[in-house]
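The sequence and structure come first.

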Amino acid sequence: MIIKIGKAVDNNFIVNDPHVSRHHAQLIHKEEGWILEDLNSTNGTFVNGVQIVKKYVTLTDTIKLGDNYVLDISEVLKFNNDYSEEFLALKKVYDNYIQEKVRIQSANQFKTRIFQSLPFALPGIIGIIIGFLGERNPLLLGVSLFIAICAPTIGIYLGAKQSAKIPLLLQDLVNQFKIDYVCPKCGTFLGEVPWESLRNRKQCPVSSCKAKWVSE
């Protein structure tokens, strides 16, 4: 895919600026990204302040055609409904969501098991201590009885409380995911469909949008 840029009407992206040549530059899509190539323009093409002949560029680069005109790559790509650069950024959004979801579930389930199982082990530990220090110590016997009764109850309560946190944490995560994982053009939530599966579709399924997610 090649996008020609300049003042002439036969360009794909027309720039109305006196310092921009009729056929000033072109963007070429490769698997590695976008290449910006100067087409022997009169006033040059600059990337981050450095004049170039041909260079890989990203959406974060500052590009100037001639002395004054600042070229916004995202706007150039949108002339052909191309949102491939913005869609590529959604891969990180999806990957981070899955990783955080797994982390919340595993971390909280582990804490829940600890809270629920450890108190049941305490009476046995206390029994060993009493047997070692002396069975006739009334204070130790009282402490042992208290722990044997209260510890499991406390453990069950703390375990239930920890379990109750999981749905809340997951809901907060899902709410943010619904904001971030959307079509970069129309803002439609893309569901929990893996990014790779969406990439295979190549464009937004919304009929009024049809934003291109993958450049051919």
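## Overall make-up

Of the 216 residues in the protein chain, 35% are buried (buried is under 20% relative accessible area, exposed is over 50%, and partly exposed is in between, with a 1.4 Å probe and protein chains only). The model is a predicted one, in which local features need pLDDT of at least 70 and side-chain atom pairs count only at pLDDT 80 or more, while totals for chains, interfaces and linings use all residues. Residues are numbered from 1 along each chain as its sequence is written, and side-chain values use heavy atoms, with hydrogens and water left out.

The protein chain has four helices and nine strands (DSSP runs numbered from the N terminus, with H or I over at least four residues for helices and E over at least two for strands). Read from the N terminus, the order is β-β-β-β-β-β-β-β-β-α-α-α-α. The accessible surface is about 13100 Å², and carbon and sulfur atoms account for 58% of that surface (Shrake-Rupley method with a 1.4 Å probe; for residues, only the protein chains shown count as cover). Of the contacts between residues at least 6 apart in sequence, 46% join residues at least 24 apart (a contact means heavy atoms within 4.5 Å).

## Strand pairing

Strand 1 (residues 2–6) pairs with strand 3 (residues 25–30) in the antiparallel sense, over four bridges (two strands pair if DSSP finds at least two bridges between them). Ile3 has Leu27 of strand 3 as its bridge partner. Strand 1 also runs parallel to strand 2 (residues 13–14), and two bridges join them. In that pairing, Ile5 stands opposite Phe13 of strand 2. As a general point, side chains in a regular strand alternate between the two faces of the sheet.

## The surroundings of Thr45

Thr45 belongs to strand 5 (residues 45–47). Thr45 is buried, at a relative accessible area of 0%. Leaving aside residues up to four places away in sequence, Thr45 touches His24, Ala25, Leu36, Asp38, Val50, Gln51, Ile52, Lys64 and Leu65. With His24 there is also a polar contact of 3.3 Å between the side chains (a pair of N or O atoms within 3.5 Å; within protein, one must be able to donate a hydrogen and the other to accept it, and residues adjacent in sequence count only if both atoms are side-chain atoms).

## Aromatic pairs

How many aromatic pairs does a search of the whole structure find? The search gives seven (rings of Phe, Tyr and Trp, the last by its six-membered ring, pair if their centres lie within 6.5 Å; planes under 30 degrees apart count as stacked, over 60 as edge-to-face and the rest as tilted). Phe87 and Trp195 form a stacked pair, at 5.2 Å centre to centre with 20° between the planes. Phe87 lies in helix 2 (residues 84–133) and Trp195 in helix 4, so this pair ties together parts that are 108 residues apart in sequence. Both Phe87 and Trp195 are buried.

Phe87 and Trp213 form a stacked pair as well, with 4.9 Å between centres and 0° between the planes. This pair links helix 2, which holds Phe87, to the segment after helix 4, which holds Trp213, 126 residues apart. Trp213 is buried, as is Phe87. Tyr94, Tyr97, Phe177, Tyr181 and Phe189 are linked by ring pairs into a cluster.

## Cysteines

The structure holds zero disulfides (a disulfide is a pair of cysteine sulfur atoms within 2.5 Å). For Cys204, the closest cysteine sulfur is that of Cys186, at 3.8 Å, which is too far for a bond. For Cys209, the closest cysteine sulfur is again in Cys186, 3.8 Å away and too far for a bond. Cys204 is buried at a relative accessible area of 1%, and Cys209 is buried at 6%.

## Positive phi values

Most residues other than glycine have a negative phi. Asn40 has a positive phi, near 55°. Asn40 sits in the loop between strand 4 (33–38) and strand 5, and Asn40 is exposed, with a relative accessible area of 77%.

Lys202, also not a glycine, has a positive phi of about 75°. Lys202 is in the segment after helix 4 (195–201). At 38% relative accessibility, Lys202 is partly exposed.
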